[in-house]
Amino acid sequence: MVVAQNTRTNNPVGKSVARNDVLEKVTGGATYTDDIQFGPGLLHCRVKRSPHPHALIKKIDYSKALKLPGVKGVATGDDFPDLIGLYLKDRCFFARGKVRFVGEAVVGVVATTEEIAEAAVDLIDVEYELLTPVLDPEFGASPEAPLIHPDLGNYDHPNFIFPVANSNISNHFKIRKGDIEAAWTQCAAIVEHTFRIPHVQHVPIEPHVAVAKCEDNGQVTLWASTQSPFAQRALLAKALHIPESDFRVIAPLIGGGFGCKAGVTMEAIPVAMAMKYKGQPIKFRLTREEEFYTNFVRQGLVIKIKVGCDKEGNLLALQNRMYWDGGAYTEYGVNVTRAGGYSSTGPYDIPNVATDSICVYTNHPVGGAYRGFGMAELHTGVDQAMDMLAAKIGLDPVEFHKKNCVQGGDVLATGMVIHDVGIKECIEKVAQALDWEIKDKPSAPNKLRGKGVALAWKAPAMPPNAGSSALVKMNSDGTVTVSVGGQEIGQGTFTAMAQIAAEALGVPYENVKVSGPIDTRYSPYEWQTVASRLTWSMGNAVRNAALDARKKVLDVVAEAWGEDAKDLDIKDGYVISYKTEESVSIKDIVVYGLPKPNDGGWIGGPIVGAGSFMPSYVTGLDAETGQGNRAVVHYTTGAQGVEIEVDKETGRIEVLRAACAFDVGKAINPDMVRQQMEGGFIQGLSSALFEGCQLVDGVMRNPSFVDYRIATAADVPAEIDTFIIEHAQDDGPFGARGIGEHPLVPSIAAVAAALYDATGLRITNPPFSAEKVYLALLEAGLVE
Amino acid sequence: MNNAHPGLPDFVEYVKPASLEEASKFLVAHAGESRPFLGATDCIVRMRDGIWKTKYLVDVKGLDGTNQITFDPAVGLTIGAAVPMNKVAAHPAVIKHYPLLAEACHWVASYQLRSRATIVGNICNASPAGDTIGASMLLEGVLRVFGPDGYRDEPLNGFFKGPGRTNLKPGDIAVSVSFPLPPQGNSGRYIKLGRNKLGDLAIVGVTAFGYPDSSAASGYRFRIALASVAPIPLRVPKAEELLASKPIDEAVLAEAAQLAYESCTPIDDVRGSARYRKQMVRNLTRNALVDIWSKIRKDA
């Protein structure tokens, strides 16, 4: 690495340094999984999928496919009987006995080309006996619904997931706090409403791709576009009965994931094929259409809210009943519904709470992690209900939010006492940016204009003991190599880690390189790149590793100089002594050590720092009441507001401006924090206005960008104000906590509130498409 | 659900004939299993989606002048079949004399796609949603076709038979579209409603065109074409007759928009409901007519 003299950024934490991954990305030089060349031995995989949402598999005939020249072989559920899953082991590599959603993998084919594999798929005949599908989560939870997983009672799961055997309920999370029935009688205003939030897709620009190879000696290597190399190693090795050390995952840069590349999804298929057809790498790529309906979706939600306040507008009680449309398998989704449960109040202080967060198997696509992990869906219901309640009690929504938002020291619905949070300042910043007090006139006679605000909170959703680790290796040219197991997914984590390491060590940011790709053989362990947890958790590990390296450097110099390490410091890559004012460049010592006086030998040697981090304080929650000492590690909180105009002639919503404010504890890189706020808002806006999987009888009718519309640059407001609030996280590196997911969380509710302000209409089933808005205006007599 | 291929199916063969005659003969000899193509922006997608099972894709770009735009102030404009939309929209004669055509081009998909997509392809594809078809019809476009019996002209009014169906027969290759000089003092508008602002297919598209004409009782003539609300790109003769006969004011323009509403027969589909589409035909037709009227009225 060449470091020019004029680009030495010391103490980079809190500075918007240039990202360390941009050059290779904008020039096209960056290597993604599909770019890796495997030579002429590469085989290709395609999959025969279920056309039915729910059916018994009576017969599979792949004899014609095997006769097609170029076909190497097939695999079915019979080859791989083991169950796999992150939080609930409920799915197989290929369907066994029955199919549970349209698009489920039934037969895998390996051939010399992708085209031959695809042609072979068309030659496979599968005979089905159709079963009645479950297409609604509320019905699915009822005793009348056909069972999708009759064996649910036998599935493995950790102790914080609560499946109900002989039902379609794969997790039922409850909170019972205070006395909700008594509280209703104290309420001056009560709002009771049902909201329906559709399935949406992640649509990363890079579709899923994975290549697997099994050596003759049983060693398996998986190259994948993944957020979770270590989780994939753990889950797949266990399901295949091989030691984790024989399973290696290499994870190059990733072209977006937003949660759909977390855990194990389609990677299981090439791995399974490689286990059966050893010795050659096997590649599997999803088409964009498959990306839409065969992979994780953000599950749909039916949320029934009853919320009340006293005559001053103080919240008294909340009843929140959520039916999550978990899809055919809920191995990951059960934890989304748990997160929706323990955070079910939203960032509001409510003394009496009854929550039932119910994860329901349906014959819809498989629900999983999606940026926000349940929070956007939850807030779409809760925050709209709050906006309705504010209107009913006659309070301005901003005043209502400020009056009721959580503050440090509040006892949350789970019994956890929340840390210091800056959400009130976030609300004030957003209101100020939108000139909340001023009612602007519409820009034209055919327009209606309004403003809306909504809040957000989210905690990292993860097992209590999700850990991180890091290595900091000192190089003889004065640079530092940081090894981590967390993934650069576009969020800029490699940049943030370099900043943290540079700050903790005392070297310029430009001298720190973060090594990729992530390789489970060489990279230190990281649970997963999810949950907005890397800056905080991996950042702690990197900081600890850097401090370890720093101590080792100082100990060597102290010994060589006969000084106390306490009198030494590292500044700008030099060890300095405050006592003697001597200094030495670290590059002269971190590999080769320092000579003792009079040629009397050597001190030190190559320096490597190691660090790790794992929260130790998260406790379990009672199965019946949801009460416990500390449900989560922390919450990131914030607010968002929009000003919109509604075109009365078309129903189209135009967002004129937006404001986002979040309490991130400490912004390691303020520009990157702002980018998250802008990007998250735009993704949230997209789901507010355009996005939804149109599922009819289990079939997605719009599985392509032609008919699954996402926001383009033209659909985004020119003005997005962002505000960084910093109430330090007590156990965060330099006080930081995460921001990756949160800005998407309040967007639908904010737009809904603005729509109400503009039109007086509540549309409670996003997306708020032009058609839906126009027809609502028509029904209400606001247009002819 | 159609099973989308990861790439083109492996049975597809690309054919590049050296002349129109050769192309036409090949298409006749392989009728039913071959298609001519230009920018291929629709064709590749349909092949990949498994909607078309065509075996031979016959590349008819660059044959006998299909890459040229020519403008003659005495005769009009001729756009070769293979000229991409970006080139059309940037052509000085198009901008000066046929701005409606340029406006329609701007609404097609994305800039990147328009560097391949062609107007003639858009016309021959005969999608009721085709963005440039309305403008081409209202500007009295005539398609030049080379077929097994040589050249012939196909006026666009009457050319469309149904979604994807036209007067073209196997062996026919559209080589250009020509437009006469438009009437003096004209103005046109294309208003496209998509689900989002950029790159969508039209839920509803309204093309309107008007000009002063002393031979009309009202002193003006208007032409209206509607996209995505009927099996074919739809003209609205009743509204056009009304606007030629009745003295024009806001109420008459609204009446014409109402006639457009009544004449269209949209369907419910994944992009929008018939009910919404009809309403939008009325509102957007009115807006387009009001806008044009403000520009062409002589007392303005």
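Trainee: Leaving aside neighbours within four places in sequence, which residues is Val751(A) in contact with?

Mentor: Good place to begin! This is a predicted model, where local features need pLDDT of at least 70, side-chain atom pairs count only at pLDDT 80 or more, and totals for chains, interfaces and linings use all residues. Residues are numbered from 1 along each chain as its sequence is written, with chains lettered from A and ligands numbered from 1 in the order in which they are written. Two residues are in contact if their C-beta atoms, placed from the backbone, lie within 7 Å. With that rule, the contacts of Val751(A) are Gly452(A), Val642(A), Ile644(A), Ile653(A), Leu685(A), Ala688(A) and Phe768(A).

Trainee: How many residues of chain B are in contact with chain A?

Mentor: Let's look at both sides. Chain A brings 26 residues to these contacts, and the number from chain B is 23.

Trainee: Which helix gives the largest share of the side of chain B that touches chain A?

Mentor: Helices here are DSSP runs (H or I, at least four residues), numbered from the N terminus. The largest share is 5 residues, and it comes from helix H11 (residues 274-296) of chain B.

Trainee: How far apart do the C-alpha centres of domain 1 and domain 2 of chain B lie?

Mentor: Domain bounds come from an automatic or database domain assignment. Chain B is divided into domain 1 (13-59), domain 2 (69-180) and domain 3 (187-296). Between the C-alpha centres of domain 1 of chain B and domain 2 of chain B, the distance is 19 Å.

Trainee: How many residues of domain 1 of chain B are in contact with domain 2 of chain B?

Mentor: Take the two sides in turn. Domain 2 of chain B takes part with 16 residues, and domain 1 of chain B with 12.

Note on methods
Helix = DSSP H or I, 4+ residues; strand = E, 2+ residues; numbered from the N terminus.
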